[in-house]
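Please open the structure in a viewer and keep the selection panel at hand.

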Amino acid sequence: MNPNSASILATAKETIDLEFEAIANLNNLLDNNFSSAVELIYNSKGRVIITGIGKSAIIASKIVATLNSTGTPAVFMHAADAIHGDLGMVAKEDIVVFISKSGNTPEIKALVPLVKAMGNNIIGMTGNPSSFLAKESNYVLSVAIQKEACPNNLAPTTSTTAQLVMGDAIAICLLEMRGFDKNNFAKFHPGGSLGKALYLKVNALVDRKNIPAVQPNSSLSDVIIEIGEKLVGATAVLENEKVCGIITDGDIRRVLEKTSDLSSIRAKDIMNPNPKMIEADILASEALNTMQKNNISQLLVMKNDEFIGIIHLHNILNEGIS
């Protein structure tokens with residue numbers, strides 16, 4: 001361990017402890033202002049406009065993203081830009097949330113009266129309950145902290161963490177009030193692995209042009225060829241077009257290790273007669289859970305009692321679902 005490691009770790013732990021304590025203290029700061037503010041947003045026919053300056057503006061932008069992704073239309077408006085033209089984005093029924101640690105910055109002091117004159121409700125999120133912002137807001141959300149994690153008590157650290165957590169609390173309350181479920185979430189997150197986990201179904205990953213299948217009396221050689229050609233590491237065993245088993249490449253390896261007389265071996269001799277199956281319209285993420293739970297790499301895919309192919313673990317992982 002180099003000489004600086006201990007002091008580095010000590011500073012990191014102190015930072016985390018300070019921010020942890022600030023987050024925990026938010027519970028003590030919640031009051032009827034919070035519930036009233038959330039109800040105001042929930043019942044509004046307009047959007048949530050969130051504004052701030054400096055680091056608070058960055059937090060405001062993140063809260064906007066969270067609200068939009070969980071069913072509450074929101075727009076970020078930089079406080080400095082607002083007083084130079086962007087205030088025009090605020091519509092009649094929008095609710096404006098101001099985020100400011102001090103609540104007394106010049107941009108906030110300039111912008112609040114303009115918004116009030118437009119007749120919009122104001123929610124102030126501030127660490128200073130005696131500030132200009134607190135006094136001029138319809139509802140005040142306190143995010144007061146004891147000190148910043150910065151040793152000089154200057155750089156916004158603990159204060160911005162408290163703001164972020166308060167924003168998350170608002171978003172999750174609204175999410176629950178709207179009954180926003182994973183199906184709604186999928187509509188707003190169609191791209192990337194997150195979206196795929198919420199909407200991609202097994203049917204989309206099955207190659208129905210190359211369905212691996214053999215008969216119970218197929219030779220071991222035929223089984224090996226079928227598995228090798230179809231490239232999913234397994235083949236179904238069908239009798240009268242009905243599934244009666246599955247043979248994986250692991251089954252092949254095990255039989256090759258046990259015997260040298262392979263000429264008489266048939267598919268029925270080495271198949272698993274109780275294969276795991278999944279319906280084609282099931283989410284791929286659920287198929288992955290089934291594989292992981294049973295420690296297997298393939299599932300037979302069924303549609304209306306018809307075998308339509310095999311889905312392999314890699315088919316799912318290649319889509320970024322994990």
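Begin with the contact between α1 and α7: select Leu18, Glu19, Ala22, Ile23 and Leu26 in α1, which meet Thr158, Thr161, Ala162, Val165 and Met166 in α7. Contact here means heavy atoms within 4.5 Å, and helices (H or I, at least four residues) and strands (E, at least two) are DSSP runs numbered from the N terminus. By class, the residues of this contact divide into seven nonpolar, two polar and one charged. In this division Ala, Val, Leu, Ile, Met, Phe, Trp, Tyr, Cys and Pro count as nonpolar, Asp, Glu, Lys and Arg as charged, and the others, Gly among them, as polar.

Before moving on, note that the model is predicted: local features need pLDDT of at least 70 and side-chain atom pairs count only at pLDDT 80 or more, while totals for chains, interfaces and linings use all residues. Residues are numbered from 1 along each chain as its sequence is written, and side-chain values use heavy atoms, with hydrogens and water left out.

Now display the whole of α1, residues 5-29, together with α7. The two helices pack at an angle of about 40°, and their axes are 9 Å apart. Axes are lines fitted to C-alpha atoms, for helices over the stretch in contact, and angles run from 0 to 180 degrees between N-to-C directions. α1 and α7 are therefore oblique to each other; angles under 35 degrees count as roughly parallel, over 145 as roughly antiparallel, 65 to 115 as roughly perpendicular and the rest as oblique.

On the α2 side, select Phe34, Val38, Glu39, Ile41 and Tyr42, which meet Met166, Ala169, Ile170, Cys173, Leu174 and Met177 in α7. This contact has 10 nonpolar, no polar and one charged residues.

Return to Leu67. Leaving aside residues up to four places away in sequence, Leu67 touches Val48, Ile50, Thr72, Ala74, Ala171 and Leu174.

Next, select α11, residues 249-258, where Gly250, Asp251, Ile252 and Val255 are buried. The buried residues of α11 pack against α10 (220-230), β8 (242-248) and α12 (267-270).

Two asparagines follow. Asn240, in the loop between β7 (234-239) and β8, has a positive phi of about 55° although it is not a glycine. Asn240 is exposed, with a relative accessible area of 69%. Asn295, in the loop between α13 (284-294) and β10 (298-303), likewise has a positive phi of about 55°. At 72% relative accessibility, Asn295 is also exposed.

Finish at Ser322, in the segment after α14 (313-317). Ser322 is exposed at 82% relative accessibility.

How values were computed:
Buried means under 20% relative accessible area, exposed over 50%, partly exposed in between (1.4 Å probe, protein chains only).
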